[in-house]
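Biologist: Could you take a close look at one part of this model for me? I'd like to hear how the pieces of the chain sit against each other, told in one go.

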Amino acid sequence: MPAVVLVGAQWGDEGKGKATDLLGPKVDYVVKFNGGNNAGHTVVVGGQTYALHLLPSGILTPGVVPVIGNGVVVDLEVLFTELDELAARGVDTSKLVISSNAHVIPSYNRTMDKVTERFLGKRQIGTTGRGIGPTYADKMSRVGIRIQDLFDDGILRQKVQGALMQKNHLLVKVYNRRAVVVDQVVEELEGFADRLAPMVKDTAVLLNQALDQGKTVLLEGGQATMLDVDHGTYPFVTSSNATAGGACTGSGIGPTRIKSVVAVVKAYTTRVGAGPFVTELEGADGERLRDVGHEYGVTTGRPRRCGWFDALVARHTARINGVTDFALTKLDVLTGWDRIPVCVGYDVEGTVLEVLPTSQSDIHHARPVYEYLPGWYEDITKARSFAALPPNAQAYVLALEELAGARVSVVGVGPGRDAVIERHAII
Ligand code: IMP
Ligand code: MG
């Protein structure tokens with residue numbers, strides 16, 4: 001069996017956790033390939049709500065091997081806290097495997113994240129403050145600390161020293177902070193080593209062997225396409241590749257082994273943090289979407305910015321990821337509107353564009369061109385087949401499918417695990 005990629009289609013929080021959970025029984029491995037504890041998945045299992053930040057949501061499915069791939073940045077304190085919390089609730093976490101090549105988020109990078117954001121002032125990105133950006137920057141600058149470094153005291157000390165050489169100058173001279181002490185960092189990181197050791201493997205070998213044996217591997221993207229450092233609304237993005245290409249580099253699985261790419265897309269749009277958002281609603285309509293959809297960040301608790309569905313974003317996502325299937329979520333949140341606007345073009349100073357502009361300024365200046373689709377008032381949360389949806393809800397799904405350019409295979413109609421309509425099998 002093949003590898004399947006699952007990514008977010010918009011700015012995150014599309015409901016990837018639930019989609020992974022739905023696929024869980026058909027999957028042998030779930031791999032997180034990018035990001036760190038900036039993510040937030042809410043998964044409702046057996047009436048219990050779990051909020052995960054770092055661990056792949058596959059950790060909740062019995063029999064699945066959860067994997068943290070080389071593309072991830074790991075805050076070890078958060079890792080062990082999440083593991084302890086799950087264990088306390090009776091979840092078996094013993095199968096977790098972590099790549100020896102994944103990078104560690106040292107505490108000084110959390111400090112760097114916060115001070116650099118403060119210095120950006122009005123140009124702030126609105127990061128989660130978890131040290132994600134600085135840790136990926138260290139990785140690219142080749143002064144990062146990897147999981148494997150924790151098992152060699154001499155190497156670890158050298159690397160921490162190397163990383164702090166520049167950073168301490170910055171912290172003290174530019175940001176007016178105290179210098180970080182090498183010994184303290186080394187001690188802190190080494191404190192995690194014994195517990196970590198049995199979980200660490202060459203995950204590229206592990207996963208490719210699993211594929212050779214006919215196992216199914218689900219590659220789960222953190223964040224989403226529009227937050228991808230290459231293909232998102234740069235610089236208002238996260239610092240990793242959250243798109244399907246990132247699934248390969250972040251796991252060590254080659255592109256020819258991937259059979260399908262599923263993008264999870266909300267029936268409307270949300271975004272946390274700063275950056276352009278063309279269909280954003282600032283008044284009562286936006287508040288209504290936020291209230292009905294419970295749109296508050298799982299990681300930071302921030303109210304999410306809300307707006308209508310954007311077909312230009314969906315098409316961009318289909319293109320960049322080579323999407324084979326969309327999983328449409330939260331359709332029930334749209335119940336109760338006379339008509340539902342869907343953005344089909346961007347008006348940039350009088351010119352209507354149907355492809356996401358490549359110029360950042362054009363995105364900032366664009367005004368949405370809406371098409372209005374008729375709404376529905378019936379409760380759809382109990383529908384379990386496409387035919388059971390009211391005709392206007394069906395028409396809305398079909399219109400989105402047409403606009404986005406790939407089939408909508410799954411439709412979410414409520415928060416529960418079973419509140420889904422499967423139109424086509426994804427795996
Ligand atoms: P960072 O990932 O903490 O560096 O934050 C960069 C941007 O990505 C900010 O706008 C965050 O709000 C956003 N972001 C990061 N992770 C997520 C996520 O899992 N869901 C939604 N937004 C996210
Ligand atoms: Mg989230």
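Predicted model: local features only at pLDDT ≥ 70, side-chain atom pairs only at ≥ 80, totals over all residues.

Modeller: The protein chain splits into domain 1 (3-99 + 200-262), domain 2 (103-194) and domain 3 (265-422). The part I'd zoom in on is where domain 1 meets domain 3. Taken over C-alpha atoms, the centres of domain 1 and domain 3 are 23 Å apart. On the domain 1 side, 35 residues are in contact, and they touch 38 residues of domain 3. Put together, domain 1 and domain 3 bury about 2,900 Å² between them, and 58% of that area is on carbon and sulfur atoms. If you want names, look at Q10, W11 and K18: within domain 1 they lose the most area to domain 3, together making up 23% of what that side buries. As for charge pairing, the count between domain 1 and domain 3 is one salt bridge. There is also a salt bridge to look up by residue: the side chains of D13 and R304 meet at 3.4 Å, N to O.

Now for the surface patch. F119, L170 and V174 make a nonpolar surface patch of about 260 Å². Of these residues, F119 lies in helix α3, which covers residues 107-120. F119 counts as exposed because its relative accessibility is 53%, and the cut-off for exposed is over 50%.

Note on methods. Residues numbered from 1 in each chain as written. Chains lettered and ligands numbered in written order. Heavy atoms only, no water. Patch = residues over 30% accessible without salt bridge, like charges linked within 9 Å, V, L, I, M, F, W, Y side chains within 5 Å. Areas by Shrake-Rupley, 256 points an atom, 1.4 Å probe, with all protein chains shown as cover. Salt bridge = Lys/Arg side-chain N within 4 Å of Asp/Glu carboxyl O. Helix = DSSP H or I, 4+ residues; strand = E, 2+ residues; numbered from the N terminus. Buried < 20%, exposed > 50% of the residue type's maximum accessible area, 1.4 Å probe, protein only. Domains from an automatic or database assignment. Contact = heavy atoms within 4.5 Å. Buried area = accessible area lost by both parts, 1.4 Å probe.
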